[in-house]
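Thanks for coming, everyone. I'd like to walk through one model today, piece by piece. Have a look at it first.

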Amino acid sequence: MLACATSRGQLLLYNPQEMDPTSQTQFVRINRDLTSLTAGPLPPHKVREPTARPPHHGQGSLAGGREDDLSDHDPDHDHDENRDENRDENRDPTGRTSSTKNHAHTVRDVLYITTNNSVQSFDVGANQSLFTADVEGARTAVLIPASALGGSRSGAPGSLLAVGGDGEVIFLDDTGREVQRTLLDHRVCAMTGGRVVPGWGYALVAGGDDGSISLLGIGVGPQSSVVGGGHDLFYHGKGSGGSVSSSLPVTLIATIHESAAVVDLTPLPGGVRALFGFALANGTTGVYAGEHRVWKVRGAGCGGGGVG
């Protein structure tokens, strides 16, 4: 499935594997300016049967498409009244049929949508919002898989969503609850994660509008091998009563300074070296191995672009 953010506060979802051509295109109204989209696996305890809805030819949708509205969606509202509990087969988002008794083994992704003041998790298959969290200045998000966290975090071993905001990175669990936040000295406009820093199993790269690129080591890393030793950043955890309930070691490995605002970052997996690519607002693109730049080039006549 292809998901795109439009300039009108809508999601455009296109599923070429849908058997019915009139149901291949769907618009979902968010009614807010969308700043980023990312996808990740649906948390196992949230797996539920995909909801089959008849096509809706609403205003603003493509011919043969349907349009749904999540702008005032209540994630706690139960939609089961539109579903036949006695039905044995249901189509998943790929268009295939599967038995409901095997539904717990269904593997599909959910979308994480950031706007200027919120983060929303949307399950396309079930056509519902899983959570909405208030995050001021949210610009970008990266899903940190549970495998990358290992035993570094107390409590539930699930994945975390890292959200870049105004001078901070906020970590949310799969219910939208804030686990902790890490303060930076720049606004985060682009972010990526993975094996992007030599010696670290997982690290976040956060790019700012002032050209700063912060490398954040997640979990326990080779402190002694980091130039300058690195240092732990300020962070706090929030429980239901406001007390510290969990901690995630986050280390500022290094801060890089480029010549213009960072507009895009991407990991470059598959090779022997830990690399990531970057793009700047002035058209410059390049590659880093941790804090060491491998190469960069200024695109003639290029504005802010992307890398991938």
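What you're looking at is a predicted model, where local features need pLDDT of at least 70 and side-chain atom pairs count only at pLDDT 80 or more, while totals for chains, interfaces and linings use all residues. Residues are numbered from 1 along each chain as its sequence is written, and side-chain values use heavy atoms, with hydrogens and water left out.

So, the overview. The protein has one helix and 23 strands. Of its 308 residues, 50% are buried, and buried here means under 20% relative accessible area, with exposed over 50% and partly exposed in between (1.4 Å probe, protein chains only).

How far can we trust it? pLDDT is the predictor's confidence in each residue, from 0 to 100. The mean is 74 for the protein, and 64% of the residues reach 70 or more. Over residues 52-65 the pLDDT is below 50, and beyond near neighbours in sequence that stretch has 27 contacts in the model, a contact being heavy atoms within 4.5 Å. Residues 223-245 also stay under 50, and there the model has 49 contacts beyond four places in sequence.

On to a sheet. Strands count as paired if DSSP finds at least two bridges between them. In what order do the four strands of the open sheet come? They run β4-β8-β9-β10, with antiparallel pairing. The edges are β4 (34-41) and β10 (128-134), each of which pairs on one side only. From one strand to the next, the twist averages 20°; the axes are lines fitted to C-alpha atoms, for helices over the stretch in contact, and angles run from 0 to 180 degrees between N-to-C directions. If you zoom in on β4 and β8 (residues 109-115), you'll find seven bridges in the antiparallel sense, and L34 has T115 of β8 as its bridge partner.

N31 sits in the loop between β3 (25-29) and β4, and N127 in the one between β9 (118-123) and β10. Most residues other than glycine have a negative phi. N31, though, has a positive phi near 60°, and N127 has one of about 55°. Buried or exposed, what about N127? N127 is buried, at 3% relative accessible area, whereas N31 is partly exposed at 49%.

Now the rings. Rings of Phe, Tyr and Trp (its six-membered ring) pair if their centres lie within 6.5 Å, and planes under 30 degrees apart count as stacked, over 60 as edge-to-face and the rest as tilted. The whole structure has three aromatic pairs. One of them is Y112 with F131, tilted, at 6.4 Å centre to centre and 45° between the planes. Y112 belongs to β8 and F131 to β10, so the pair ties together parts 19 residues apart in sequence. Y112 is buried at 3% relative accessible area, and F131 is buried at 4%. F278 and Y288 make another tilted pair, at 5.3 Å and 50°. Here F278 is in β21 (residues 275-280) and Y288 in β22 (residues 284-289), ten residues apart. Both of those residues are buried, and ring pairs link F276, F278 and Y288 into a cluster.

D173 is buried, at 13% relative accessible area. Leaving aside neighbours within four places in sequence, D173 contacts F131, S159, L160 and V179.

Last stop: β11 (residues 140-144), where five of five residues are buried. In a regular strand the side chains alternate between the two faces of the sheet. In β11, T140, V142 and I144 are buried on one side, and A141 and L143 on the other. Five bridges join β11 to the antiparallel β12 (residues 160-164), with V142 partnered by A162. T140 itself has 9% relative accessible area, and its contacts beyond four places in sequence include S36, T114, A162 and V188.

That's my tour; over to you.

How values were computed. Helix = DSSP H or I, 4+ residues; strand = E, 2+ residues; numbered from the N terminus.
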